[in-house]
Structure formats: structure tokens, C-alpha cells
Amino acid sequence: MTDYYEQLGIPRSLNLSLETLRQRYYELSRQLHPDRFMQKPEAERQRALDLSSALNDAYRTLKDPIRRAQHVLSMEGFEIGEQRSKDVPAELLEEVFELNMALEEMRGGDHSARPQLEQAEKNFTIMLAETDQQLQTLFARYDSSQSRDVLGEIRNLLNRRKYIQNLVSEVERTLSPNPQSSIPAR
Amino acid sequence: MDIDFTSTGHIVGIDLGTTNSLVAFMDLTGPRIIPGNGPSALPGADGDKLVPSVVSIGQGGEVVVGNPARELLITQPERSVYSVKRLMGRGLEDVKEELQLFPFRVAPGSDSVIQLQLGDRTYTPPEISAMVLRQLKQNAEEYFGVPVDKAVITVPAYFNDAQRQATKDAGRIAGLEVLRLVNEPTAAALAYGLDKRENGIVAVYDLGGGTFDISILKLHDGIFEVLATNGDTHLGGDDIDNLLLRIALEDVASEWGQDLSQDNEGVQRLRRAVIQAKERLSFVPAANIELEYHGKKYEREIARELFDKLITPIIDRTLGPCRNCIKDAGVSVEQIDEVVMVGGSTRIPLVRSAVENLFRSKPHTELNPDEVVALGAAVQAAILSGAVDNKLLLDVTPLSLGIETMGGVVSKLIHRNSTIPASATETFTTGVDGQTNVLIHVVQGERELVKDNRSLARFDLKGIDPVPAGLARIEVRFLIDANGILSVTAKDQRTGKEHSVEVKPSYGLTDEQVEKMIQESFEKAEQDFAERQVREQRVEADAILQAVEKARRHDAYFELADDERAAIERSINELLLVYNTDDHHLIAAKIEEVNQATIKLAENMLKGTQT
């Protein structure tokens with residue numbers, strides 16, 4: 001698998017400066033973008049297309065902290081795995097149980113559940129922010145130690161985060177059933 | 001700026017608009033619009049910078065484009081087409097409703113590509129667009145005096161793959177190598193960035209005749225990075241026209257007791273009256289819709305207040321995409337430094353105030369909203385030619401790309417707002433023993449289910465070795481290029497062998513169909529070119545005949561010797577004899593003879609004025 005850090009020519013770190021990353025990306029884009037090769041032979045143009053799409057894929061991954069961490073995890077041979085809805089983090093069991101009841105009521109047309117859902121949405125959003133804080137701390141610990149144990153912790157925290165994220169989306173969808181989902185070409 | 005324009009030929013930038021189209025070019029002084037500046041007898045080359053995107057087919061099959069076609073839209077509406085951009089890359093189901101207001105008919109067999117019936121032939125939207133492009137190409141060729149065969153063409157940022165492909169096809173049919181499709185708001189930002197601002201975050205609000213786009217860009221030392229884009233390819237000034245037209249038709253029905261909607265000419269006249277009123281309302285507080293037709297008169301005043309109320313639902317439809325775009329760009333409204341307004345519909349005061357409310361700052365309106373996109377396309381053309389090397393566009397794909405999986409669910413491979421070129425790789429296998437092909441259904445859109453998204457194409461991977469089910473490993477690479485167009489390649493992971501991929505586009509022309517149209521258009525172009533040369537010579541002939549006619553009343557004419565006068569008469573008669581032939585060489589030769597025969601006369605006249 002491709003090492004996106006290597007591709008961008010930057011050292012591996014989880015807490016990286018977005019500004020430095022962007023500068024590096026711009027610099028490489030100026031060299032590799034297909035626009036620069038329009039007057040060149042077909043083979044060179046094809047190469048530019050391949051290299052710049054790979055560069056864009058790398059940048060897209062590294063600029064997002066979650067995808068960046070997932071990338072490092074999979075390079076280190078960690079199974080990220082799909083987070084299934086039955087794998088409820090133990091400390092959330094009770095809250096999730098109540099939330100599911102409220103969601104059922106709301107979907108069944110009982111709007112008295114709305115305030116409870118709105119409160120739940122707030123709670124879980126705060127929880128997300130806390131998770132992100134913890135992630136940053138773990139990122140820093142990994143950057144200084146390169147320890148696999150820390151990566152393991154990061155993996156677990158990412159799974160928990162994904163789970164909470166799914167809950168928030170679910171609540172959002174239920175509260176406003178027809179969000180601005182774009183239907184293409186209509 | 002480092003500019004070298006000597007090394008490459010002329011690459012033009014084209015804004016192929018719903019209502020108007022423009023062609024532009026960049027040189028040392030910057031980008032500028034090329035006017036249609038040929039002799040006025042040539043239709044569509046009348047000195048205007050805006051070429052109306054209207055095409056009319058004459059009784060003999062001759063193609064008329066631009067302002068003269070706009071006149072023909074009134075007198076022969078059933079042979080004329082406007083706003084064809086709204087039909088590009090679409091199926092009949094998509095456009096059923098608005099087709100009711102178009103004067104032309106849709107021919108049977110229009111399921112995957114719409115076929116327009118004009119006279120005794122049918123044309124697809126790319127063919128009609130190609131006619132507009134050919135006119136622009138011709139205008140540029142006359143301007144430069146050399147052939148032009150390479151272009152950058154702009155498309156709405158929210159155009160999907162099929163709509164982009166259709167635009168590229170149109171270019172090919174018109175004899176243009178389309179070096180790049182550029183998103184309209186991005187092109188506008190490029191022109192704007194060149195002119196006004198080098199760094200910062202800029203939003204471009206582009207409301208044209210038929211499409212709406214919003215893009216948010218980060219400008220940084222010559223890099224134009226699109227952070228996010230959103231829009232609606234079915235929303236624009238046309239919708240306002242149609243709304244007013246419906247109201248006016250109802251008025252006429254009750255006042256005249258006559259249903260005008262079945263009368264093509266009447267509808268087109270009323271449509272024009274409505275557009276005039278709409279345009280005036282951007283500058284005055286009230287305007288009249290006026291129609292005089294078959295001795296009857298209709299007149300109605302529309303006040304700005306009423307107009308605003310009527311169009312509010314349409315303008316509101318642009319705000320959702322704006323909010324989504326801000327969210328996707330990951331910026332706050334406060335972080336946006338400027339809002340640039342593009343497209344003719346942004347002249348409407350209500351549009352300006354809605355944008356100002358949303359972005360909490362006064363939008364920029366000093367650029368000509370009709371021209372800025374074409375100017376940006378010309379800048380991009382200069383970038384591609386290598387003449388400009390310190391600017392670079394990093395654009396995004398507007399819609400997520402996915403494949404159909406079990407149960408009609410979409411598995412997303414490339415997310416919306418990914419910088420292009422972008423790619424994704426997915427491994428496929430077979431489900432049945434000995435299966436030798438795999439069908440991949442690719443869709444575009446944000447919804448979970450296949451049926452709610454736009455079907456792009458079915459890719460048929462062929463020639464898979466017959467092995468037990470689940471053993472085959474075919475690596476498929478989806479690549480969206482810098483034009484926003486998808487290509488698919490497949491490789492057998494076990495054998496390393498490349499697989500052939502057969503593409504069945506859901507909407508649009510096959511490669512063979514395009515090739516055939518190109519062939520036809522070549523033949524047509526030769527014929528057109530010959531006709532044009534004849535017409536040019538006739539224009540020359542008219543000019544000289546008129547001049548001689550005038551000179552014959554001059555004293556100097558009577559001072560000539562008898563045989564000199566006879567020679568002039570003879571040369572004129574000979575020119576008149578060949579005037580209506582199709583041989584432009586012959587007409588040119590006879591014009592030259594008149595020139596020769598009148599040299600002395602001209603000299604004498606000149607002397608006469610000097611003394």
C-alpha cells in the first residue's frame with residue numbers, strides 16, 4: 001500500500017501542521033498537474049494524470065485527521081474493521097437504549113420525543129468534541145513514541161468516535177427527514 | 001506575469017451558455033472577448049460579443065446561429081431551438097415538463113438521447129450546441145485570420161458526467177479539440193483573481209440562464225483551489241421567464257378569450273416581451289409586458305414589488321446549495337472575503353440582496369457578469385498553452401461517484417468535492433463458476449439508493465478467465481480526470497492482464513455516433529465554407545457596384561473617353577452576370593476587372609475633390 005507521507009515527502013506524524021501540508025501539496029501540484037503537460041507527448045500526459053490523481057488522493061487523506069489516522073493504522077497492519085451497531089461501547093449502553101426508544105417514537109409520528117432527541121444530539125456532539133480532544137493527545141503521544149500500543153488505543157477511540165458519529169447522523173436524519181440531500185441532474 | 005504567446009497556436013476560451021455564448025482569447029494585454037466582426041451579411045458575425053445560443057434550420061437545411069436565429073425563432077419557431085444546454089446529457093424523463101414551453105418537437109426514440117425534430121431532420125442537443133460552437137470558431141478564425149481548432153469550454157460546475165461528455169462531444173462535432181472543460185464559477189474566479197485579488201477565500205455565485213452554481217475557492221499565490229461546489233443544473237433565468245410567461249398566457253386567455261399557448265409564434269413573441277420586461281425591472285421600479293399580435297393588444301404592468309414576490313421561490317432555491325457549499329468547504333461565512341457575482345440573472349436586485357443577506361457582505365458586481373466566464377476560459381487556455389505558468393486551477397468533482405451493490409445500494413468510491421484528478425480502486429470477483437464477464441453500474445449523486453441517483457453508465461468487464469466463483473480478482477480503477485469525466489480501466493490481479501471495458505452510457509451518445517456526426521459535420525463544414533466564400537465575394541461585389549453607381553453621376557464619369565466608359569459598363573455587366581453563381585473565384589475575378597476599369601475614374605474623382 002502507498003505511504004501517503006512518503007508521497008508528499010513529509011515525515012510521518014499524526015499531529016501535523018495543515019499549513020505546511022498545504023504548502024507542500026501546492027508545490028507538488030504545480031509540478032505534477034496535467035495542465036502543465038498539455039503540450040507534451042501522450043505518455044507524459046498520462047503519467048501526469050496518474051501522479052496528480054495519486055497526489056490528490058494522498059492530500060485528501062492526510063488533511064483529514066480521522067482519515068490520516070486510519071491510514072497510519074492500516075499501514076501498521078491494524079484491522080480498522082467495520083463498526084457494527086451491536087458493538088455498543090459499554091459506558092453508552094443505557095443512553096443508546098433510551099435514544100433508540102425516542103427515535104422509534106419520533107419515526108412513529110410521536111413528536112413529543114423531539115426535545116429529548118435534541119438534547120441527545122447536543123450530548124453526543126459534545127462527546128464527539130471530547131473524543132477529538134483525546135485523539136489529539138493520543139496523536140501527540142504516538143508522534144513522540146511511535147508506540148504500537150498507542151496506535152491500538154487510537155484504533156479503539158476511532159471506533160467509538162465512528163459509533164457516536166453514526167448516532168448523531170441518525171438523530172439528525174430523524175429530526176429533519178428531508179435535509180438538503182442533493183439529487184443530481186434533476 | 002511571465003507570458004509567452006509565440007510558441008503555440010491560438011487556443012480559445014469558450015463560454016457555451018444557455019442564453020448567450022462567447023469566445024475569448026488571451027494575449028500580452030490580458031484576456032478579451034472576440035467579437036463577431038465579419039461582413040455584416042454573414043449571419044451570427046455581426047460585431048456583437050454575445051452570440052445568442054439560438055439555432056434555426058432553414059428550409060434548405062442551412063444553419064443560422066445567433067442574433068438572426070433569434071429573429072427566426074419568432075417567424076419559424078418550429079424550426080428553431082434555444083436553451084438547448086438544458087437538454088445536454090439528459091433523458092426525456094428529466095425535461096418533460098419544460099419541453100411543454102419549447103416550440104420545437106421531440107422526435108420518437110428520445111429515451112437515452114433527446115432527438116429534436118427541426119424541419120425534416122432530427123438533431124441531438126450536442127449537434128445543436130456544435131452549431132453554436134462552429135459559429136464561435138468561425139468568428140475567432142476571422143479575427144485571427146488562421147484556423148482555430150483547439151478550445152477550452154466552460155460548463156456549469158454542477159454538471160454531471162453525462163452533461164460534461166455531451167459538451168465535449170459538441171466540441172468534437174464542431175471540429176474543436178476540447179483541451180479542457182472548466183467549471184464556470186472557477187473560470188470566473190480565475191478572471192477575477194487576475195484582476196482583483198491574489199489571496200483569500202472567494203465565493204462565486206453564478207446564476208445564468210439555465211443553471212445555478214456556487215463555488216468557494218481558496219486563492220493563494222496563483223493557486224485557485226476549489227474547496228467546495230454546489231448547485232442546480234436546472235435553475236436559472238429561464239425559470240423566471242417561464243413563470244412570467246405562464247402568467248401572461250393566462251392573462252391573454254382571459255382577456256382575448258384565446259389560448260395562445262398552442263400558437264408557437266404567439267408564445268415566442270410573448271416570451272420575448274416577458275424577457276424585455278424582466279430585464280428592465282432590474283433598473284426601473286415597474287415595467288410593462290406588451291404584445292401586439294394579429295390586431296390584438298395585451299399590456300400589463302409589473303411592479304418590482306410583485307416581481308420580487310413572484311420570483312422569491314426561485315431565488316430561494318439557490319440558498320440551500322449555498323449553505324451546503326459553505327458547510328462542505330469547511331469555512332464560516334465570516335471567513336469568506338469576497339462574493340463574486342456571475343451570470344446575467346445576478347443583475348436582478350432581489351438576487352443581489354439575497355446573496356448579501358446570506359454572506360453578510362456586499363457582493364462584487366463590477367465585473368461584466370456576461371463576460372467574466374469566457375475571459376476566465378481564455379486565461380485557462382493560456383495556462384494550457386504554457387503561456388501562463390504561474391497560475392493553476394485545482395478543481396473538484398461536484399457529485400459523489402459510486403457503484404451499485406447488493407440490494408440496489410450505492411457504495412461510494414469518490415466523494416463529492418474531491419480534488420480532480422481523483423481515483424479509486426476496487427476489486428471485483430465473480431459470483432458464478434466459469435463466469436467470464438462482470439457488469440459494473442456506476443452512478444453519481446449523494447443518495448443511498450441507486451434509484452435516487454443519476455445512472456452514468458454500465459461498464460462490462462469482459463474476457464475474465466472461467467474460474468470457480470469468487471476466485472477471480474479484477475482490480476478496477478475509476479479515474480475522474482481534470483475535466484470531471486470518468487474513465488474506467490480493469491486489470492486481472494492474478495494474470496496482470498488488462499481487461500477490455502465496454503461502456504454503455506445511460507444518457508448520451510456512443511463513440512460511433514459521435515464519429516458519424518463529426519464526419520457529417522466535416523462535409524457540412526466544407527459546404528458551409530464554400531457558401532461563406534461566395535457570400536463574402538457578393539458582399540464585396542455589392543460594395544463596388546454601389547460605389548460605381550454613385551460615381552456614374554459624378555462629373556468625372558462624363559469626362560472619361562467613350563471607350564473608357566464602355567469598358568466600365570462592360571465590366572459591370574460581366575460582374576452582374578456571374579453575381580449569382582456559386583463560383584467565388586469567378587466573382588472575385590470580375591470584381592478585379594471592375595476595379596481595373598475604374599482606376600482612372602477613381603483618380604479623376606480624387607483630383608476633383610482636391611481642386
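Which residue is the bridge partner of B:V55 in β6(B)? I looked it up and found B:V65.

Notes on the model. I am working with a predicted model, in which local features need pLDDT of at least 70, side-chain atom pairs count only at pLDDT 80 or more, and totals for chains, interfaces and linings use all residues. Residues are numbered from 1 along each chain as its sequence is written, and chains are lettered from A and ligands numbered from 1 in the order in which they are written.

Entry, sheet of chain B. I traced an open, antiparallel sheet of three strands, ordered β6-β5-β7. Strands are DSSP E runs of at least two residues and helices are H or I runs of at least four, numbered from the N terminus; two strands pair if DSSP finds at least two bridges between them. At the edges I noted β6 (63–65) and β7 (80–82), each pairing on one side only. Between β5 (residues 54–57) and β6(B) I found three bridges.

Entry, helices on the sheet. I saw helix α1 (residues 67–75) of chain B lying across β5, β6 and β7, at about 65° to β5(B). Axes are lines fitted to C-alpha atoms, for helices over the stretch in contact, and angles run from 0 to 180 degrees between N-to-C directions.

Entry, chain A against chain B. I listed 21 residues from chain A and 32 residues from chain B in the contact, where C-beta atoms, placed from the backbone, lie within 7 Å. On the chain A side, α3(A) gives the largest share, six residues.

Note on methods. Contact = placed C-beta atoms within 7 Å.
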